Amino acid sequence: AFMVYKDGLDGYSLEIPSTWVQVTSTGSDVFYRNTFNLEENLFVNLSSPSSSAFASVRDLGSPEEAAQGVIDRYLNEFMSTRLGIRRESEVVSAVEREGEDGKKYYDVAVRIRSFATLNQYGITPQEREQRLEWDRTQLATFGVDNGRLYELRVQVPTSYYAKDQDTLGHVLGSFKVFPMEEGKTAI
């Protein structure tokens with residue numbers, strides 16, 4: 001079962017699993033977390049209307065370039081100053097689609113793995129052996145309206161991705177952008 005979240009002031013809506021809860025956060029317009037798996041969450045980011053003017057999702061470049069942008073932003077946001085950290089990333093999928101509303105959207109999926117050494121100060125390579133620290137899949141849908149870029153991003157541990165793929169695909173496919181309305185409505 002899903003619930004509809006509609007933000008008329010900012011001009012977007014999406015369907016969220018009814019078991020997920022809204023979390024107060026900074027930096028995102030809205031943030032929800034899966035109550036059964038706290039590493040699974042979603043948020044919506046909006047570009048500033050005063051610092052950017054988007055006419056189309058194609059202003060991001062190709063879907064593959066948008067996917068690489070997700071990787072770059074994620075690696076930048078979670079850059080580590082710890083010794084012995086290595087990150088690997090790959091684009092899983094990147095497509096353009098036409099929504100039910102006739103607008104173009106980009107749907108992208110990227111996988112990012114982080115490896116860490118248990119002994120940061122080890123002298124020999126054997127003492128600095130790296131092990132998988134975490135493995136996450138980032139899903140994002142991009143849309144443009146009101147001269148703004150809208151990004152719905154979903155994060156899920158890769159081990160859960162196959163199991164939750166249908167639910168997460170529904171959430172991403174439900175994301176719509178539209179002209180802003182007077183007053184904020186959230187349902």
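The legends below describe close-up views of a predicted model.

**View 1. Helix 2 and its kink.**
Helix 2 covers residues 158-174 and has a kink of about 75° centred on Asp164. In general, residues three or four places apart point the same way, because an α-helix has 3.6 residues a turn.

**View 2. The largest nonpolar core.**
The largest nonpolar core of the model is made up of 22 residues. Those with the most contacts inside this core are Tyr12, Leu14, Leu42, Leu152 and Phe175. Two or more residues each come from strand 2 (12-17), strand 4 (30-34), strand 5 (41-46), strand 7 (104-117), strand 9 (148-157) and helix 2. Another core lies apart from it and has 17 residues, including Tyr74, Ala94, Trp134 and Val144. As a general point, nonpolar side chains tend to be buried together in soluble globular proteins.

**View 3. Surroundings of Phe175.**
Which residues are in contact with Phe175, leaving aside its neighbours within four places in sequence? They are Tyr12, Ser13, Leu14, Val44, Arg97, Tyr105, Thr141, Tyr150, Glu151 and Leu152. Among these, Tyr12, Leu14 and Leu152 are listed with Phe175 as residues with the most contacts inside the largest nonpolar core.

**View 4. Strand 7 and its two partners.**
Strand 7 pairs with strand 6 (residues 85-98) in the antiparallel sense, over 13 bridges. In this pairing Glu96 stands opposite Tyr106 of strand 7. The two strands form a hairpin with 5 residues between them, and Gly102 in the turn has a positive phi of about 85°. Strand 7 also runs antiparallel to strand 8 (residues 130-145), to which 12 bridges join it. Here Val110 stands opposite Gln138 in strand 8.

**View 5. Asp10 in the loop between strand 1 and strand 2.**
Asp10 is placed in the loop that links strand 1 (2-7) and strand 2. Is Asp10 buried or exposed? Asp10 is buried, with a relative accessible area of 13%. Not counting residues up to four places away in sequence, Asp10 touches Asp29, Leu46, Asn146, Arg148, Tyr150 and Met180.

**View 6. Asp59 in the loop between strand 5 and helix 1.**
Asp59 is found in the loop between strand 5 and helix 1 (63-77). Its relative accessible area is 44%, and Asp59 is therefore partly exposed. Leaving aside neighbours within four places in sequence, Asp59 is in contact with Ala53 and Phe54. The side chain of Asp59 also reaches the backbone nitrogen of Ala55 at 2.8 Å. From C-alpha to C-alpha, Asp59 and Met3 are 31 Å apart in space, with 56 residues of separation in sequence.

**View 7. The salt bridge between Lys6 and Glu181.**
A search of the whole structure finds 15 salt bridges. In one of them Lys6 pairs with Glu181, and the closest N and O atoms are 3.1 Å apart. Lys6 lies in strand 1 and Glu181 in the segment after strand 10 (176-177), so the pair ties together parts that are 175 residues apart in sequence. Lys6 is partly exposed, with a relative accessible area of 25%. Glu181 is also partly exposed, at 29%. In general, side chains of opposite charge can pair when their charged atoms come close.

Glu151 forms a salt bridge with Arg73, with the closest N and O atoms 3.6 Å apart. Because Glu151 lies in strand 9 and Arg73 in helix 1, the pair ties together parts that are 78 residues apart in sequence. Glu151 counts as buried at 6% relative accessibility, whereas Arg73 counts as partly exposed at 33%. A further salt bridge joins Lys104 to Glu98, the closest N and O atoms being 3.4 Å apart. Here Lys104 counts as partly exposed at 33% relative accessibility, and Glu98 counts as exposed at 52%. Through salt bridges that share partners, Arg73, Glu77, Glu151 and Arg153 are joined into one network.

Technical notes
Residues numbered from 1 in each chain as written. Predicted model: local features only at pLDDT ≥ 70, side-chain atom pairs only at ≥ 80, totals over all residues. Heavy atoms only, no water. Bend = angle between axes of the 7 residues up to and from the residue. Helix = DSSP H or I, 4+ residues; strand = E, 2+ residues; numbered from the N terminus. Core = buried A, V, L, I, M, F, W, Y, C linked by side-chain atoms within 4.5 Å. Buried < 20%, exposed > 50% of the residue type's maximum accessible area, 1.4 Å probe, protein only. Contact = heavy atoms within 4.5 Å. Pairing = 2+ DSSP bridges. Polar contact = N/O pair within 3.5 Å; in protein donor to acceptor, adjacent residues only side chain to side chain. Salt bridge = Lys/Arg side-chain N within 4 Å of Asp/Glu carboxyl O.
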